[in-house]
Amino acid sequence: MRLRNELNFRGYPKLRSVDYFDGEEKSLEVEDFHMFWDLLKSLEANNSLKDWASDYSISKEDQEQILTFLKEQELVEADIDQFNENSFYNRNHHFFNIYKKEQLLQKISKVKVVIVGLGTLGATLVDNLAKLGVQNFTIVDHDVIELKNVAAQTIFQPEHVGKRKTDIIEDYLITLNPEIEVTTVDLKIEKKEDIIGLELGDKDILFKCFDEVTKEIMIGLVELTDISNCHYVSLGYYNDSISAYILSQNEGIEFIHNIYNTIHTDYVISSNRGTILHSMAGAILSCHILIDSLINSNKKEINVFYTIDPIRFTVEKGKINSEEQAYTNFINTLYSSFDLDPHKIENKIKMLGEACLAFNEDLPGVLEVEIISLYQIFELLINIGAIKTLGLQDHYESFMELINEVEEKEEDKDKDKDKEETEVGIDYQHYFDFITSLKLEHKGAILSVIDAMKMLNNLPSYDERVALQNKTYETLKENSEFLLEYLNNSKQASIKELDDNYYHDIIGLEYNDIMLISKGLENNYEALMLKAYENISPSSSNHIDYLFKHQYDPQSSLSIEDILSIMIESLREYNPNAGMFADFITSIAKSNSIGVVSKEIRHGTNRTYFFPITKENKIILNYDGTFESIFILFHELGHAYYNSFYTSSFFDDNNKLSNESLAYTFEILCYQAVSSNENISEEFKRNLKYFYNYRINKVLLSNFSSYIFEYEVVEYIKKGNSIDLEKFLAIEGGFEENGIYGQIKFENREQSMLNILLDTSFMFGLYDQVIDPLAYLIASGIADQYCSNWLTTDILLQECLFNRQTSIKGIFKKVVTRCTFEDIDSLVENIKNLLDYSSELIPTNTK
């Protein structure tokens, strides 16, 4: 029996403890420190334990119990054939034995490694692997050593300059350890056919360490290693980072195509700046990959990447063809749909500029569509953080100069309006700068008010939420004079536009119709809110806490591909004629037209871009697995589906309400289809139904109450008044006393009354909040009609859009037969039915 002295025992007599490290820090408390420590020393020296037992009067029975304890704690092990203390790999033995990976040394000694390219990365990798214990190498290179190679790696010396790299490394390895077997291959790989010279046979892992490699060679290496059942690692450095890609066929080859399509360019001016830092970082990565592949030989990692920064020494790991790959695929669809060559974009901008000059003020509709389409392309690229990557920043600025020139011609028609809009624009920028500068203190940290609001709903502690909301309220109250000045200026400017045509031209519905629907919602608001909150919080009765956070916060672990598959299957099962929806989603998925872009590189907009000329949709969204993002996916796919039936009228301002109504229709139908699919787990469907109540509350109820409040504010300002803090709070407070909330009582509402001053659409828009509630209510009627006669409803909708009959009231009257546009009670009843359908919940109701 031997003591595992590689565990680095440390004794502390005064504390009567012995510490050691077996992968983590551990400590033993002992009653008799010196007795226990002398036992460890005897075991370390491999001495007989008789003297120790005699010195401390230890009985044979007690001795057996102590040794059993040491075995259980894995502090000792049976005697094994150890490396000689002067053995070349002695320290490797001690290190791996800490982790009980003694057998790993044998695997390392038997692994057969191929290294192609013996420059900065390859030479140092050979050195490190040999010293790690690898004893079988095939090394491939054709070059001779140059002086610049010497400082960047650990084998070559100045006296080696002019000699073949393979010869020097072969001599080095045999001198290092005569047991190492080395096969040298004098081969320069310049084209895919050269790879035939690599005979992998029974080789276990191949490291590609050379640069200036073509896409065909990269793909050829993946194909060759796959056929040979050989692990393939592509090692290289880009700027100051070292990357290692573990690639296999299918996803690996697709990844190579994407990399060369998006990053590779023939126009490069650079110099090799690989240093000893890069070579050592690459060796560390490669040793880790080799060890991991041997430990997990039955489940090797494939199509993953590692990146290491040798200056900051940060390491990242990711999965190829996950979200990052989906993003790359999306970028590729932009290349296939639009010619994003900078030179051609430049020519297009010049052409549009000349056309605008020729037509002066009266631009043809076709030209307007071209301009708006190009604007959408630029906006999309900005939102996904790709405009600089594609080298189009300067072109975007040139295009915006063209847009400004077109707008200036329009504004020259009305100088007063130009002045007012300029003032509002200046106010908006000042307002945005102002709210981002507002700070508060929270738990010793300084937060912006905007960040505090984002954090508020995610705090697990109810008391913390109350405290942070109070601080936010006080901060906004202290700065209310400035915020209300922005509000007054914006609303006064907007009121001047409030003529008979405003509601039709901007929202898409006549004023009287808006008032009719609003009145119907007001009359039913209390009942709808109680029903929604009854599902969310069954024991809340008519008391609602603004800071209530349900402990049950479901989140799906499904990828967006999984959700799309579920939608397709569910729609086909739900209704035979819903296959048209399923076919559309299938085509969207296959064409990689959905860009899932992380919040870090995007501006936070979930949006569908439609290009009428090519009839193509491009969707960007921040899918993160939450059920909210699932509903947003439903919604944006709805936009994409109906977009394709529009003609040139797509960009008309008054289509906004129609667009949203149809997207919500699609969303409702997808929700009903997925939640009724018997092949989906009950837990997922329960979570989906549960979150639907939040969706109704946010889209319909919360937005509608904001609209009613804005309407009261505007009516007050229309009378020539300027709203101050007292009046602002009085209007807000009036809702609870005699407004739409009826008998509902709120907790913590007063401290949230100023939150709306951070909403830019409330501050600078005019009745924007009414669009979603109106759209959702209307959508409930259209969705109900779909369930009655799916095929006819869809065909009639397509016909309306194709014939430019895009007024939502006209669409509704042509398509819906189960109720009339004016029958608000029937529409509200649809919402109640949807809430009833979603009543299967998990009843957790704690603060």
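Because the model is predicted, local features need pLDDT of at least 70 and side-chain atom pairs count only at pLDDT 80 or more, while totals for chains, interfaces and linings use all residues. Residues are numbered from 1 along each chain as its sequence is written, and side-chain values use heavy atoms, with hydrogens and water left out.

The protein chain has 32 helices and 20 strands; these are DSSP runs numbered from the N terminus, with helices being H or I of at least four residues and strands being E of at least two. Of the 847 residues in the chain, 51% are buried, where buried means under 20% relative accessible area, exposed means over 50% and partly exposed lies in between (1.4 Å probe, protein chains only).

In soluble globular proteins, nonpolar side chains tend to be buried together. A nonpolar core is taken here as a set of buried Ala, Val, Leu, Ile, Met, Phe, Trp, Tyr and Cys residues joined through side-chain atoms within 4.5 Å. The largest such core holds 138 residues, and the members touching the most others are Met-567, Ile-594, Leu-637, Tyr-642, Phe-728 and Tyr-767. Helix 26 (residues 682-718) gives the most to this core, contributing 16 residues. Another core, of 45 residues, lies apart from it and includes Leu-125, Phe-156, Leu-235 and Ile-242. Leaving aside residues up to four places away in sequence, Phe-728 touches Leu-484, Leu-487, Phe-709, Ile-723, Met-753, Leu-754, Ile-756, Leu-757 and Phe-762.

A search of the whole structure finds zero disulfides, a disulfide being a pair of cysteine sulfur atoms within 2.5 Å. Cys-230 is buried at 5% relative accessible area, whereas Cys-787 is partly exposed at 36%.

Turning to the strands, two of them pair if DSSP finds at least two bridges between them. Strand 19 (residues 616-621) has five of its six residues buried, so it is largely enclosed by the rest of the structure. Strand 19 runs parallel to strand 17 (residues 594-596), to which three bridges join it; Val-596 has Leu-621 as its bridge partner in strand 19. With strand 18 (residues 607-611) the pairing is antiparallel and has five bridges, including the one between Tyr-609 and Lys-618. Strands 18 and 19 form a hairpin with four residues between them, and Lys-615 in the turn has a positive phi of about 60 degrees.

An open sheet of three strands has the order 2-3-4 and antiparallel pairing. Its edge strands, each pairing on one side only, are strand 2 (10-12) and strand 4 (25-29). Neighbouring strands of this sheet are turned by 20 degrees against each other on average, direction ignored. Three bridges join strand 2 to strand 3 (residues 17-21), and Tyr-12 finds its bridge partner in Ser-17.

For helix packing, axes are lines fitted to C-alpha atoms over the stretch in contact, and angles run from 0 to 180 degrees between N-to-C directions. Angles under 35 degrees count as roughly parallel, over 145 as roughly antiparallel, 65 to 115 as roughly perpendicular and the rest as oblique. The axes of helix 26 and helix 32 (residues 824-837) come within 9 Å and cross at roughly 150 degrees, and the two helices are therefore roughly antiparallel. Their contact is made by Lys-689, Tyr-692, Asn-693, Ile-696 and Leu-700 of helix 26 and by Ile-831, Leu-834, Leu-835 and Tyr-837 of helix 32. Helix 23 (residues 579-590) and helix 24 (residues 627-643), with axes 11 Å apart, pack at an angle of about 100 degrees and are therefore roughly perpendicular. Here Met-580, Phe-581, Phe-584, Ile-585 and Ile-588 in helix 23 meet Leu-637, Ala-640, Tyr-641 and Tyr-642 in helix 24.

Most residues other than glycine have a negative phi. Asn-592, in the loop between helix 23 and strand 17, has a positive phi of about 50 degrees and is partly exposed at 31% relative accessibility. Tyr-767, in the loop between helix 28 (760-764) and helix 29 (771-788), has a positive phi of about 65 degrees and is buried at 1%.

Methods
Contact means heavy atoms within 4.5 Å.
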